[in-house]
Each structure stands twice: as structure tokens, then as C-alpha cells.
Amino acid sequence: MAMNNLYLQLFLTFSKIGAFTFGGGWAMISIIQREIVEKHKWIALDEFLDLLAVAQSMPGILAVNISVVIGDRLKGIKGSICAAIGTILPSFLMILAIAIFLTPDTIKNNEIVSRIFKGIRPAVVALIIAPVLTTARSAGINWKTVIIPVAVALLIYSKIPYISNPIIYIVLGAIGGYIYYMRSLLRQGGKEANDD
Amino acid sequence: MIENYLKLIWAYLKIGLFGFGGGYAMLSLIQREVVDSGWITSQMFTDIVAISQMTPGPIGINSATYIGYVVTGSVLGSLVTTLTVVLPPFILTLIASHYIEHHRQSPFIKGAFMGLRPVVVGLIASAALLLMNSENFGYEIQERVITIGICIASFCVVYFTRVHPILVIILAGITGLLVF
């Protein structure tokens, strides 16, 4: 493949991934891996996993972050822009079309659509309850640590000004985790503590 | 007019910058910015989540595109909002990937993620709690019995089987059409 085509290839590959994966980040990982590592052989698997770890540790949308690290690895910043636009464009166009034709008023005023959505809304809530339990399990939540997610959920739910802002708990969680980690390192004898 | 744009940009900068833990964890953040600020109702927010589940692409992008259009009424607003939500993570990810060795060894990243894990569980739970309201479950008792039934049935299907969430949404929609 000609090198000057790699930008286009990145864009096309990621727009294919963006157009055909439902459910965002986690669902996308295996498909991205198949396209990038197995089909195009752009990146070796171990390097892909390293880049994936970087993408996961950054805020924002995982699928976009993965496209950024892979685009950047192959073609620098311009490559990452092509890959990111590829990921975003299909869902952007599709949702834009929906936003134009399926406005909130249409949902409310069209009798059939309104009945369909009345049935869908409680199902959406169920779709959000399910990952609470699966992530709690994978995070290793036990009877001692369950206080953290319970407190976070209730404080955000409380709607008390400032206190209910989720950003507070994201920042506190990150800082708290860092302090806890450093203390456990120091207790182990401080072997790794001066790494950074 | 320009005020709407600035508010959207500010809201989605925060969502992009603090959106840790995936789409579901971002919901409470998005909800706070767009529902509590009065741009859309909680019901509309739920509808956007449903639409987002049924269309390809990440929910962070989908909500930005939809809300950008609803608030400004223009394609430009939709585009600006979508680009805003990806900009901070785009820059941060780019920087991190250039210092990948340093990044991987960083005790701050390791520790921060250990601390974020239980918080993410709470964030998702808060999003679920905030959506359990009359707007989504109905105001009358008969309606509530049906919607709570749909919620419990959907939960069991999603949690205990490998049935795809899209199928669950479609079945719930058909149920709604038949019973309401």
C-alpha cells in the first residue's frame, strides 16, 4: 500500500469500525484489534495492548482515544486526526439525521412513537442497572468497599448543590487512589516508591 | 445565541475531560450538565440514551450530536458540541502516547485508576437512580406497574442471558406499543 494512502486507509478503517459497532468502547476493542492487528497488520499485538492501556487511562470516549493512539503511532498527529474523524463521522451523521427528523416534539406528539418510547424508557433504566453489578464485580467491590459506590451514588442523586457534582468524586477517587497506592508502596519498604 | 454555544462548549469540555470509566459512567456527568441545566427533560435524556443504544457509535458522541442540535437548532451547534467532547481527551491521549513508557510506570496513573474503579460503580448507579422517576415510569399506578415490570424483565434478560441490548430495547418498544 502506498504510504500517502495511509491517511485515507486510517480514515476508512476507523469509519467502518465507527459505522458498524454498537455499544461504544468495549464492544469496539475486539473489532479494532481484528482490523488493525490481524487484517492490516499495522501494529503488533503487544504494541496494540500497550496503546490500548494508554487510551483506557485517559478520560473521554474510549473508541476515539484508541483511534487517536493508533493514528498517531502510524502517521503522527495528522494520522490521529484522520482516524478520530473516521470514528466520529458515521455516528455523527446518523444521530444528526435522527435529531433532525425525530425531534423531542415528534416523540411526544406522534401517538405510535410516544407509546413505543413509553415501553423503551424503563428498559433503558434496566440497561444501566445491569453494568452497576457487572462493574462492581470486576472492580472487586466487597462489604468493606461497597460504602464508596453507595456514598457516591447517593450524594450525586441527592441533588444538593455542589455536593451532587460527579466531578468531585472522580477527582477524589483519583487522588485517594494515588495516596492509598503510595502508602501501600511505602509500607512494602518503598522499593518502587521513588520510580517516578 | 452565542451564549448557547458557549454553554454547550463549557458543558461538553467538562464531560470530555472528566469522562472516566466508559459510556455508562459518563451518563451521570452528561445528565448533570444537560438535564439539570434545563436544556432537555429527564425523559428526553432517556430517549437519547435509547437512540444511542440502537445506533452505532459511542454514547458520548451520540449525546453531544443530538443535544448540540436540539439546543441550537443547527447543524453547526451539533458539530461544535461533538468536536468539543473529543477535544480534551484527544490532546491528553496524544500527549500520553508520546510518553508511553513514562506513562506506564507512573504511580499516579496506577493509583488513580485503583481509586477510580469503585467510584465508577457509583457513577453508573447514580445515573440509574436519577432516571428512576415518574417521567420514565409514568405518573399513574397502572402505568407504573407495567413500566416496573418491563424494567425488571429487561434487567433479567440483560443480566442473566447473552441477548443483545438492542433486542431488549426493540422488545420493550413493541410491548409499549401493545399495552399503552
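Residues are numbered from 1 along each chain as its sequence is written, while chains are lettered from A and ligands numbered from 1 in the order in which they are written. Because the model is predicted, local features need a pLDDT of at least 70 and side-chain atom pairs count only at pLDDT 80 or more, whereas totals for chains, interfaces and linings use all residues.

The mean pLDDT of chain B is 91, with 100% of its residues at 70 or more. Chain A averages 88, and 92% of its residues score at least 70. Helices are numbered from the N terminus and taken as DSSP runs (H or I, at least four residues), as are strands (E, at least two). Among the elements of chain B, the lowest mean pLDDT, 76, belongs to helix α6 (residues 100–105), and the highest, 95, to helix α9 (residues 141–160). In chain A, confidence is lowest in α2(A), with a mean of 83, and highest in α7(A), at 95. Where pLDDT is low, the predicted coordinates should not be read in detail. For the complex, the predictor gives an ipTM of 0.90 and a pTM of 0.88.

Chain B contains 10 helices and zero strands, and its pattern along the sequence reads α-α-α-α-α-α-α-α-α-α. Its C-alpha trace spans about 55 × 45 × 25 Å along the principal axes. Of the 180 residues in chain B, 54% are buried; a residue is called buried if 20 or more other C-beta atoms lie within 10 Å of its own, exposed if 12 or fewer do, and partly exposed in between, with C-beta atoms placed from the backbone. Contacts are pairs of residues whose C-beta atoms, placed from the backbone, lie within 7 Å. Among the contacts in chain B between residues at least 6 apart in sequence, 59% join residues at least 24 apart.

Domain bounds come from an automatic or database domain assignment. Chain B is divided into domain 1 (2–136) and domain 2 (138–180), whose C-alpha centres are 26 Å apart. Their contact takes four residues from domain 1 and five residues from domain 2. On the domain 1 side, helix α3 of chain B (residues 42–54) gives the most, with three residues. That side divides into two nonpolar, two polar and no charged residues. Here Ala, Val, Leu, Ile, Met, Phe, Trp, Tyr, Cys and Pro count as nonpolar, Asp, Glu, Lys and Arg as charged, and the others, Gly among them, as polar. Chain A is divided into domain 1 (3–101), domain 2 (103–140) and domain 3 (142–196), and the C-alpha centres of its domains 2 and 3 lie 29 Å apart.

The contact between the chains takes 88 residues from chain A and 95 residues from chain B. Several helices of chain A supply at least two residues each to the side that touches chain B, among them α1 (6–20), α4 (62–101) and α8 (166–187). The most comes from α6(A), with 22 residues. By class, this side of chain A has 63 nonpolar, 17 polar and eight charged residues.

Ser80(A), in helix α4 of chain A, is buried because 25 other C-beta atoms lie within 10 Å. The C-alpha atoms of Ser80(A) and Val64(A), 16 residues apart along the chain, are separated by 9.4 Å. In helix α1 of chain A lies Lys16(A), which counts as partly exposed with 15 C-beta neighbours inside 10 Å. Leu6(A) is also placed in helix α1 of chain A and counts as partly exposed, with 18 C-beta neighbours inside 10 Å. The C-alpha atoms of Leu6(A) and Ile147(A), 141 residues apart along the chain, are separated by 49 Å.

Notes. Two residues are in contact if their C-beta atoms, placed from the backbone, lie within 7 Å. pLDDT is the predictor's confidence in each residue, from 0 to 100.
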